[in-house]
Amino acid sequence: AARRLGRALFDFGQQQTLTGLNVQLRRTLSEKEALLAQKDLLMQEVNHRVQNSLQLVNSMLHLQMRQTSDDEVKGHFEEASRRIMAISAVHHRLWRADHIQNVDFGSYLEELRDGLVEGWGSAWAGRIKVNSDHVMLPTNQAVVLALVVTELLTNAVKYAYEGRLGSIDV
């Protein structure tokens, strides 16, 4: 009887400890969820500010480009603008991605094309086709390749059809 009483008291103590640990675990999980919600809110604000800043820089470049008559200077402004746009596209893509270490390059190319077409005018909308598998690339490689593709597309738009509309396949 003493052994059973000792065992019951021991079991009761274990149950109390377990109950206390469960309460502490629930409290910790609740605090973690609140911190994650705060982090998400802050990240949304940072994302918004970065996108706005990139857009502002791009707009300033376009204003400066319009104010010069020197074609070489305009070319430098256009190059800077394309690079800003590529960085903005990567940032936008990373913000929406589940894994920021890698980028789905096929989808990224389509977004990049859409952004470029927006700047070149709607007449180019159906002219530039992207044919790509959904390949995951490390972010640093995707950025470099995006700059290369941006440059190639820009050159194709300018020179492939002597400045007129034409089809371009990526």
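**Helix packing and voids**

α3 and α4 cross in a right-handed way. (Handedness: left-handed if the near helix is turned anticlockwise from the far one by less than a right angle, right-handed if clockwise; helices are DSSP runs of H or I with at least four residues, numbered from the N terminus.)

We're working with a predicted model, where local features need pLDDT of at least 70 and side-chain atom pairs pLDDT 80 or more, while totals for chains, interfaces and linings use all residues. Numbering starts from 1 along each chain as its sequence is written, and side-chain values use heavy atoms, without hydrogens or water.

**Exercise 1.** Work out how α3 and α4 are oriented and what their contact is made of.

*Step 1.* Take the geometry: an angle of about 40°, with the axes 11 Å apart. Axes are fitted to C-alpha atoms over the stretch in contact, and angles between N-to-C directions run from 0 to 180 degrees.

*Step 2.* The pair is therefore oblique, given that under 35 degrees is roughly parallel, over 145 roughly antiparallel, 65 to 115 roughly perpendicular and the rest oblique.

*Step 3.* Pick out the touching residues (heavy atoms within 4.5 Å): α3 brings Phe105, Tyr108, Leu109, Leu112, Leu116 and Trp120, and α4 brings Ala142, Leu145, Ala146, Val149, Thr150, Leu153, Thr154 and Val157.

*Step 4.* Sort them: 12 are nonpolar, two polar and none charged. (Nonpolar is Ala, Val, Leu, Ile, Met, Phe, Trp, Tyr, Cys and Pro; charged is Asp, Glu, Lys and Arg; the others, Gly among them, are polar.)

**Exercise 2.** Describe the largest pocket and the largest cavity.

*Step 1.* The largest pocket holds about 780 Å³. Of its 25 lining residues, Asn58, Met85, Gly115, Leu116 and Gly119 sit closest to the centre. (On a 1 Å grid over the protein atoms alone, a 1.4 Å probe fits in a cavity but can't get out; a pocket is open, with protein on both sides within 12 Å along at least five of seven lines; lining means an atom within 4 Å of a point. Points join across faces, edges and corners, and volume is the space the probe spheres fill.)

*Step 2.* Two or more lining residues come from each of α1 (2–66), α2 (71–96), α3 (105–120) and α4 (139–160).

*Step 3.* There's one cavity of 30 Å³ or more. The largest cavity takes up about 40 Å³, lined by Glu79, Arg82, Arg83, Leu147, Thr150 and Glu151.

*Step 4.* That cavity lining has four charged residues, one polar and one nonpolar.
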